[in-house]
Amino acid sequence: MEGLGYPILSTLIFLPIAGAIAILLIKRTAETFIKWTAFLISVITFILSLPLFIGFDKTTSEMQFTETHEWVPDWGIRYALGVDGISVLFVLLTTLLTVLCVTVSWNSIKEKIKEFYAALFLIEGAIIGVFSSLDLFLFYIFWEAMLIPMFLLIGVWGGPNRVYAAIKFFLYTLVGSLLMLVGIIVLYLNTGKTFDMLQMMAMNYPYAMQLMLFWAFFAAFAVKVPMFPVHTWLPDAHTEAPTAGSVILAGVLIKMGAYGFLRFSLPLFPEAAKDMAPVMMILSVIAIIYGGIICLAQTDLKRLIAYSSVSHMGFVTLGIFALNTQGIQGGILQMISHGVVTGALFLCIGMLYDKTHSRQIGDYGGVATVLPIYAAFFMVFTLAAIGLPGTSGFVGEFLVLIGGFTAWKLMGVLAATGIIIGAAYMLWLYQKVFFMDVNPKIEGHKDINIREIMTLLPLIVLVIWIGVYPNTFLSFMDVSVQNLIDRVNTAGMVEIETTQEVTEMPTEVIK
Amino acid sequence: MDKYILIPLLPLIAFAINIIFGRGIIKDRAHYIAIPAVFGSFVLSVIAFAEVAGGKVINYDIYSWIVSGDFRVSIGFLIDQLTVIMLIVVTSVSLLVHIYSVGYMHGDPGYYRFFSYLSLFTFSMLMLVMGNNLLQLYLGWELVGLCSYLLIGFWYKKKAPADAGKKAFIVNRVGDFGFGIGVIMIFLFLGTLNYTEIFGSIGMLTGQTINIAGFNVDLITVIALLLFLGAVGKSAQIPLHVWLPDAMEGPTPVSALIHAATMVTAGVFMIARFNPVFSLSETAMWTVAIVGAVTALFAATIALVQNDIKRIVAYSTVSQLGYMFLACGVGAFGAGIFHLYTHAFFKALLFLGAGSVMHAMAGELNIQKMGGLKKHMPVTYWTFLIASLSIAGIPGLAGFFSKDEILWMAYNAGSLGKFTWIVGTAVTALTAFYSFRIVFLTFHGKFRGTSKSDNRQEYHLHESPKVMTMPLVVLAVGAVAAGWVGIPELLGGGNWIGYFLEPVLGRPEITATYTEKWMVISIAIVAALAGVFMAWMFYLLKPEIPKNLAMKFKNAHTILWNKYYVDELYDFAIERPTKWIASNVLVAVTDNKIIEGVVNGLPAAIRNFGEKLRKVQTGYLQHYAMGMAIGLFVILALVVIAAN
């Protein structure tokens, strides 16, 4: 489905990249001009991504807005883009969050401004590339390309311990990616020397190979999600990253891991995925409970939210490996919601940090008295984070619990304890920071300004929208998820199925 | 679409207006938005009541809320006999509490916020009772919990209210954990969450079992008990009752509306709504009855010795909710709802009366420091007295009829029923005693506040303004007359409410005889009168008795004074270990030692490397170079391999 006269996905990838180059060419001292240019680029990219929302055909599981060009024909490498119901929402989330990253960084980034925005746009382009690549080689390039600007974002504009955090982030993800690279090469050699993902999805690889490749890809995706026990890079990266970095990390970057499971692990290695699902579900439940309880021991605002991401992403992977409609749809919706909510929480913390320059929970108290508007915004996001019905957090989490419970009752029950733990640490955090006596360190600070309110407002709208009318978003993924589940369920049963068809056909004719 | 959507919508609109414009524009005029809205809901509720009384049941969907595969759930309304009773209770008490709050909250800097939350609460509670499916009930259930959290912690600058709000939310989440799994199980086994469809097909599950840890357990029992766990949390039954007494940190109108008349009764409403499910499991029914009976007794004994006027009334609420569960558990769902309805009036009145007393006493809560307020605040006194007579079960008042109905139904329900009847009757005596303990200590005798030296408190004693006493008077009328809709046949009434609710809630078969019925009533009356008499003797006639008793039974008194140490137990057994594990195991060992140790062999080396680099100060560039080199290496390696 082309629908539009121009290659929309390429535009979304290369407009930010071109923008990054353009920004680098601006004179360093023209700070205001740099900021406004960055703002315009991000807004235009966002507006240009809206046709994906409006023009998307929800009745098909086929790839849409596709573009295909030969690139290195000798090696079977093509430049192929397209989105389906699983990936399209992530592209939109990326373009939206980038705008907010620009506005929230307005006054907080004071050094190397143009490099900062350039890095941000390079990340944006690469992430959109990851979500829309239909060629495995292209996918891998974007997947790795994203690493470098993200590494710089943390390492240059981050907190005091930024270098350690950046290297840790880089190595963790790189080690995972290398194993995936091996997997990609094996796939390439076994799919008739092509990187065409759609072609791979139609293949039935031998079971032993599926199992091996499942774990090779798992290494890359599990680190990104991050799943227990490879999650320890996330708290460091989040804590040290500048606000925009944390927002991108939490909002979309870690979603790439879960997206990888959906795009590769399930359709390419369906039998292995089915057999490994129990292991994945156990790891997910550990992440939910472990990530939640560990929040109770945090003293750093960003670290706490980072660990809560581990817990929330546990719900996502639980849903995905429940391998049923509610589980997967819930998982995807939970990803969108988590992107919005946790992105918003990091934006909020960034705004507070800009005023006080402290991330220590102990340095706060009584913020609701001093910054009432800010406190109200934070409250809404807190409620969404603890899955209050009527907010976005509830729908995804609840669907995941249905899916998880359907697949494996014990895991469903254990995962549900996450809703108690989640309430405990988030309300504890809220009380420590916002209620009780006003800490002298925050006295006299001004409430958030109109720029900051406008940054948070779109996310509030999304929180309520997804909570009250989630069907807008669920309907996007409906057909694609069903198609994916059919693919997983029928894998390995090809012969049986054909015989069934044969036996069923005549009866239908008789009817 | 029809007019009934406005019942919840009006308060929602009021909430939206007040929360957005309250701070800057509306300020202390917030009640001009909130009160007309809830009044509109009240009028529409009366219209709905009339329509249902005329024989109509309204059930329709508004829109599809969540659709995922075969999981479909709507936002929709079911307005039947049970719903309209709840609508009347919620909107009328809410309206009166709104009006009362104009006086009580006057001058509070958070005035607009208070009215916003009240509106949001009213909306949520109405969504809860009007829903036509279980998930909408859950939605309302959680939203009222949110409002409860926000309103308990309304004065968030102090630690105690902030703690109490958080505690309420988290304890309720424990109940919701069970409730949520119950909801999921219903969907899993019946494929729907719509009430009509659930009740139509729940019979199919009869006899089915589910394997839990090697035991085959009756499926319906499991589902019913999971739902009941939710009710235990919301309605503050043992062992999840701990949040409600602390909830008294909130403003008193909130205690009256949320923590007495409406929200805490949601558990009872839910059990009654799900009577077709509960009725299929004897185990679940007896669990409900026994938890109810034990809670009724447990909370009443605590109430005997407390001195904080609001906490006594709070324990009284826990106890009275126990009665309602007892009723549901013996199959008398109608009696449970009848008591819910009368309780709303006399208990809201007790709280608002207590608020009026606090208003006069400049926030004092200790009844030992009051006394003799009768002559200073006659309206508060007389209305409070009426409420106390009503809750004590003095014949002719609302509480008498509903409590009598419960005791009678308990007596009627076999041997376990007889046990709950004995407990229930004993609680009647205790209820009368502690209720009149408040009356006598607060309003009779001499003033014991800080009057002698600086003449402060006594000088300020005054009746509350009309905007506060008017709701008291209206509620007092309710505390007397609300029960008249359920006068039993035995006493010449028609038990109208019992028959009205019968289509939804059914009515247990009566096997006990006419004489036994008189016996049950007589014993209850004697118990109530005995309780009042004892209170009179203890606190007016011979005030030395309580002190002597407390000395003589020191251990028992200490246990009751400390509320059976349940809070301490939870702190010791759950809260501390969890926090300890979080910091001393998960952070210190698993994350920092094991995972970091195993995974970080490399990063540890990097750290050294990084530190060296930092010392050399050539810094970042080399890092980037290294990063890019690795990335390039990967891509080049790929190209090379691909080329072969």
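**Notebook: salt bridges, a chain contact and one alanine**

I started with A:Asp84 and A:Arg263, whose side chains meet in a salt bridge at 2.6 Å, N to O. A:Asp84 sits in the loop between β2 (77-83) and α3 (88-104) of chain A, while A:Arg263 belongs to helix α12 (residues 255-268), so the pair ties together parts that are 179 residues apart in sequence. I checked burial too: A:Asp84 is buried, and so is A:Arg263. A reminder to myself that this is a predicted model.

**Other salt bridges**

In chain B I looked up B:Lys159 and B:Asp163, which form one with 2.6 Å from N to O. Both lie in helix α6 (residues 159-190) of chain B, four residues apart, or about one turn of the helix. B:Lys159 is partly exposed, with a relative accessible area of 48%, and B:Asp163 also counts as partly exposed, at 26%.

Next came B:Arg576 and B:Asp571, another salt bridge, with the closest N and O atoms 2.7 Å apart. Here B:Arg576 is exposed because its relative accessible area of 55% is over the 50% cut-off. B:Asp571 has 24% and counts as partly exposed. I also noted a network in which salt bridges that share partners join B:Lys167, B:Asp246, B:Glu249, B:Asp308, B:Arg311 and B:Asp567.

**Where chain A meets chain B**

How many salt bridges does the rule find across the interface of chain A and chain B? The count is zero. I do find 15 residue pairs in polar contact between chain A and chain B. On the side of chain A that touches chain B, the classes come to 57 nonpolar, 16 polar and seven charged residues. The contact takes 80 residues from chain A and 67 residues from chain B. About 6,700 Å² is buried between the two chains, and carbon and sulfur atoms give 76% of that area.

**Chain A overall**

Chain A has 22 helices and two strands. Along the principal axes, the C-alpha atoms fill a box of roughly 80 × 55 × 40 Å. I see 69% of the residues of chain A counted as buried. Among contacts between residues at least 6 apart in sequence, 82% join residues at least 24 apart.

**One alanine in chain B**

Last, I picked B:Ala37, found in helix α2 (residues 31-53) of chain B. Is B:Ala37 buried or exposed? B:Ala37 is buried, because its relative accessible area of 9% is under 20%. Leaving aside neighbours within four places in sequence, B:Ala37 is in contact with B:Leu10, B:Pro11 and B:Ala14. The C-alpha atoms of B:Ala37 and B:Pro11 are separated by 5.3 Å, although the two are 26 residues apart along the chain.

Note on methods:
Residues are numbered from 1 along each chain as its sequence is written. Chains are lettered from A and ligands numbered from 1 in the order in which they are written. This is a predicted model: local features need pLDDT of at least 70, side-chain atom pairs count only at pLDDT 80 or more; totals for chains, interfaces and linings use all residues. Side-chain values use heavy atoms; hydrogens and water are left out. Contact means heavy atoms within 4.5 Å. Buried area is the accessible area (1.4 Å probe) that two parts lose on being put together, summed over both. A salt bridge is a side-chain nitrogen of Lys or Arg within 4 Å of a carboxyl oxygen of Asp or Glu. A polar contact is a pair of N or O atoms within 3.5 Å; within protein, one must be able to donate a hydrogen and the other to accept it, and residues adjacent in sequence count only if both atoms are side-chain atoms. Ala, Val, Leu, Ile, Met, Phe, Trp, Tyr, Cys and Pro count as nonpolar, Asp, Glu, Lys and Arg as charged, and the others, Gly among them, as polar. Buried means under 20% relative accessible area, exposed over 50%, partly exposed in between (1.4 Å probe, protein chains only).
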